[in-house]
Amino acid sequence: MAEFLTGMKRTDYCGTLRADNIGQEVVVCGWVQRQRDLGQLIFIDLRDRTGIVQLALDDTTDKAVFEKASTVRSEYVLGVRGLVRERSAKNKDIPTGDIEIEVKELRILSESETTPFEIIDNCPTAELTRLKYRYLDLRRPELQKNLLFRHKVAKVTRDFFDENGFIELETPMLIKSTPEGARDFLVPSRIHKGSFYALPQSPQMYKQLCMVAGFDRYMQIARCFRDEDLRADRQPEFTQIDLEMSFVDMEDILDLGERYIKRLFKDVMDIDIPTPFPRYTYNEVMERFGSDKPDTRFAMEIVNLSEEVKNTEFAVFKNALTGGGSVRAITVKNAVKTYTRKEIDKLTEFAKGIGAKGLAWIRLTEDNMASSFAKFMTEEEMQAILQKTGTVTGDVVLVVADTDTNIVLSTLGALRIECAKRMNIIPKGYNFLWVVKFPFFEYDKESGEWLAMHHPFTSPTDDCMDKLDGNKGEVYAKAYDMVLNGTELSSGSIRITNPDLQKKMFSMLGLSDEEAYTKFGFLMDAFKFGAPPHGGMGIGLDRLVMQMLGAPTLRDVVLFPKVQNASEPMTNAPAGVDPQQLTDLGIQIASNNTEN
């Protein structure tokens, strides 16, 4: 039967006790990691969020206490009073390994059934099972350390922005649904039947209104929601370090972002991050790395071979060039042993899965040059390719050709990452960079429309103002992304505050004045009453912590995450609701059955 803790107040955490505490009487509480009954000796490893301490009982221990300790099992919750003493068999693997607690009083505060998996780091149990019992999974020291680390990141974040004049403000969670690039999560209104709130994809418009309201510098550790497909670095609900500043330009915001990162890594990890961060234009990173969020910890940059093969009769290359596309390649150094013909076939399927029509290749061994296309090329063309790509013996060249250069670049960008992982050439470290001068518009093939690459409130660059009535592909934005090791950490921009310019950009996005006012009228109205120039960005807190820790997925740094199908195994959310709740909301669920 469980006992109460009355009269036994905790004095110390398990993992904080050291040799300096020898001779002190302490009270510790926690969970049993394991119990070892050696007959005349019982050892219990007691665990809390700070670590483990050993409890010791022997023939000098009160008999009733000793007998109670013999009944203890893993994950029982104990309260223990005892004397800290030097440990005879020291354990250098744990911080408390020099001491143990000589138990004087022991209370079983809660018993535990056998857990569905062992509470240990690197637990071999399937993740889905661990997520079903997430409250047990969270007892594992590895996850507890991750979430305590996240807490420290949040604290340093608040301290930094407070010291830099920012005001923490909370924006609403129930908002109007407006287009922001992903699907909204909708919340039906009981009072206004047939109408819906949306959960915010970001506090974008509200933080801009804070600037109109005169708060000057806003920040918030904000919860955001996007109804989109999940992946390792994406959850339907996520946390964003959101900020906005008035009377600034892009340089001010980038400088602030760099100073924040520098402070954060120094305070939390004692790592000095060099600043300023390298800057690349969007076009530059796409040309060199095939991605707008490049990992620059390794080379393997994309090389344009279009000039070298412009006169070729090889149909694949020739058709790509005559169709307005390009021929490009990456060189995987020292890869001939890794990328055999069979492995290159797998890469070819990988490339096709991205959208490429195929993958051409060269393997340069000590004996010869093997290639999927050499027989269609002249000797001079092949040598030009080897020279342009810097290929030497032992290297593998991967070539993609297409009439759509975007497909060529994105395919090689993905192959670059895939090959670097396979070759194990990505060094540890933190490579930050900025990507700037994004296109304002991007063409959507499915809809045949030009969409805003960031959002419609982003200001065009000054040198593009006279191009707004021309080719939309030539309009660039005052937008910027912070990238770390191939992961986009933040996205931001300088905003439009001129009502006429905002109306113009809405028009270029295909929105009539009436449609624009229906969706964004409250913001457009606000800008009529003295809107200061402003800009900002949102930094993904989950992704930032994930990258700092080197965690493989966001699920390792989020308290109660969703899985691939956006469900939560522990509570079985989402789930059906009582029919009366739907009646109150004026909602009827359509049947999935179809009649023949």
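Five strands of this predicted model form an open sheet in the order S12-S13-S16-S14-S15, with antiparallel pairing; two strands count as paired if DSSP finds at least two bridges between them. Strand S12 (303-304) and strand S15 (369-371) stand at the edges with a single partner strand each, so one side of each has no neighbour in the sheet. Helices (H or I, at least four residues) and strands (E, at least two) are DSSP runs numbered from the N terminus. As the model is predicted, local features need pLDDT of at least 70 and side-chain atom pairs count only at pLDDT 80 or more, while totals for chains, interfaces and linings use all residues. Residues are numbered from 1 along each chain as its sequence is written, and side-chain values use heavy atoms, with hydrogens and water left out.

Helix H8 (residues 315-322) lies across strand S13 (326-332), S14 and S16, at about 45 degrees to S16. Such angles run from 0 to 180 degrees between N-to-C directions, the axes being lines fitted to C-alpha atoms, for helices over the stretch in contact; contact means heavy atoms within 4.5 Å.

A second sheet takes another form: 5 strands close into a barrel in the order S1-S2-S3-S5-S4, with mixed pairing. On average, neighbouring strands of this sheet are turned by 55 degrees against each other, direction ignored. Helix H1 (residues 63-70) packs on the sheet and touches strand S1 (25-37), S2, S3 and S5, its direction making about 70 degrees with that of S5. Strand S3 (residues 51-57) runs parallel to S5, and 2 bridges join them; Ala 56 stands opposite Glu 102 in S5.

A salt bridge, taken as a side-chain nitrogen of Lys or Arg within 4 Å of a carboxyl oxygen of Asp or Glu, joins Arg 85 to Glu 100, with the closest N and O atoms 2.8 Å apart. Because Arg 85 lies in strand S4 (residues 77-86) and Glu 100 in strand S5 (residues 99-110), the pair ties together parts that are 15 residues apart in sequence. By this rule the count of salt bridges comes to 50.

Several backbone details are worth a look. Most residues other than glycine have a negative phi, and most peptide bonds are trans. Glu 75, in the loop between H1 and S4, has a positive phi near 75 degrees. The peptide bond from Thr 275 to Pro 276 is cis, with omega near 0 degrees, and Pro 276 lies in the loop between helix H6 (250-269) and strand S11 (279-281). The bond from Ala 573 to Pro 574 is likewise cis, with omega near 0 degrees; Pro 574 lies in the loop between helix H14 (541-549) and helix H15 (579-585). In the hairpin of S18 and S19, which has 4 residues between the strands, Gly 448 takes a positive phi near 70 degrees. Strand S18 (residues 441-444) and strand S19 (residues 449-452) pair in the antiparallel sense over 4 bridges, and Glu 442 has Leu 451 of S19 as its bridge partner.
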